Amino acid sequence: MKKNTVNRVTLALDEALVHQLDVKMAESGSGNRSEFVRELLRDYLVNSACIQGQTEMLGTITLLYNHHQRELCAKLTRLQHDSELKILASTHVHLSHELCAEMIMATGTPQALQELNHQIRRVRGVLHSALSISSSGKELE
């Protein structure tokens, strides 16, 4: 990653907004206003890219299922193979004799990530599935 030059930017904010900024900064544990504003801006850029929908994003699907359900693992594998996403990793964890958790990390458009998550949710035996979308890092460099 290339080293960026730091530019100083001055902002004019009313007193009430500065107070809210300081309160939220303290709650977040950020060391200073500059660090906190950088974090907010990065979050905004990632969310904006996700809303626009065409930027490659990093997604993690976390699912919980009963592994005794017939053909469930084969269906989950088939969905991943048939997806337009690039599947980066999949981790399977045994929580109990019946329950398993799986985390699937993939890159692709937000729509494709959401579609795979919806397909996984519809598989009989999947008890819960949640998608977390983040930056692939490209727009933040």
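Q: Which residue in β4 is the bridge partner of G59?
A: The structure is a predicted model; local features need pLDDT of at least 70, side-chain atom pairs count only at pLDDT 80 or more, and totals for chains, interfaces and linings use all residues. Residues are numbered from 1 along each chain as its sequence is written, and side-chain values use heavy atoms, with hydrogens and water left out. β1 and β4 pair in the antiparallel sense over 9 bridges, where two strands pair if DSSP finds at least two bridges between them. In β4, G59 has as its bridge partner I133.

Q: Which element has the highest mean pLDDT?
A: pLDDT is the predictor's confidence in each residue, from 0 to 100. The mean for the protein chain is 88, with 95% of residues at 70 or more. Elements are DSSP runs numbered from the N terminus: helices (H or I, at least four residues) and strands (E, at least two). Helix α2 (residues 33-52) has the lowest mean, 80, and the highest, 96, belongs to β3.

Q: Which residue in β3 is the bridge partner of T62?
A: Strands β1 (residues 57-66) and β3 (residues 99-108) are antiparallel and share 10 bridges. Along this pair, M57 stands opposite G108, and L63 has E102 as its bridge partner. For T62, the partner is M103.

Q: How many residues lie between β2 and β3 in their hairpin?
A: The two strands run antiparallel and are joined by 8 bridges. In one of the facing pairs, S90 stands opposite I104 of β3. In this hairpin, the number of residues between the strands is 4.

Q: How many of the 10 residues of β3 are buried?
A: Buried means under 20% relative accessible area, exposed over 50%, and partly exposed in between (1.4 Å probe, protein chains only). β3 is largely enclosed by the rest of the structure, because the buried count is 7.

Q: Which residues make up the covered face of β1?
A: In a regular strand, side chains alternate between the two faces of the sheet. The uncovered face of β1 holds L58, T60, T62, L64 and N66. The covered face holds M57, G59, I61, L63 and Y65.

Q: Why does the length of helix α4 agree with its residue count?
A: Helix α4 (residues 110-121) has 12 residues.

Q: Is Q80 buried or exposed?
A: Q80 lies in helix α3. Leaving aside neighbours within four places in sequence, Q80 is in contact (heavy atoms within 4.5 Å) with I87, S90, E102 and I104. With a relative accessible area of 11%, Q80 is buried.

Q: Which residues touch the most other members of the largest nonpolar core?
A: A nonpolar core is a set of buried Ala, Val, Leu, Ile, Met, Phe, Trp, Tyr and Cys residues joined through side-chain atoms within 4.5 Å. Not counting residues up to four places away in sequence, L76 touches L63, Y65, E102, I120, V123 and V126. The core has 19 residues, and those touching the most other members are L63, Y65, L76, I120 and V126.

Q: What is the phi of E71?
A: Most residues other than glycine have a negative phi. E71 sits in the loop between β1 and α3 and is partly exposed at 47% relative accessible area. Although E71 is not a glycine, its phi is positive, about 65°.

Key: The expected span of a helix is 1.5 Å times one less than its number of residues.
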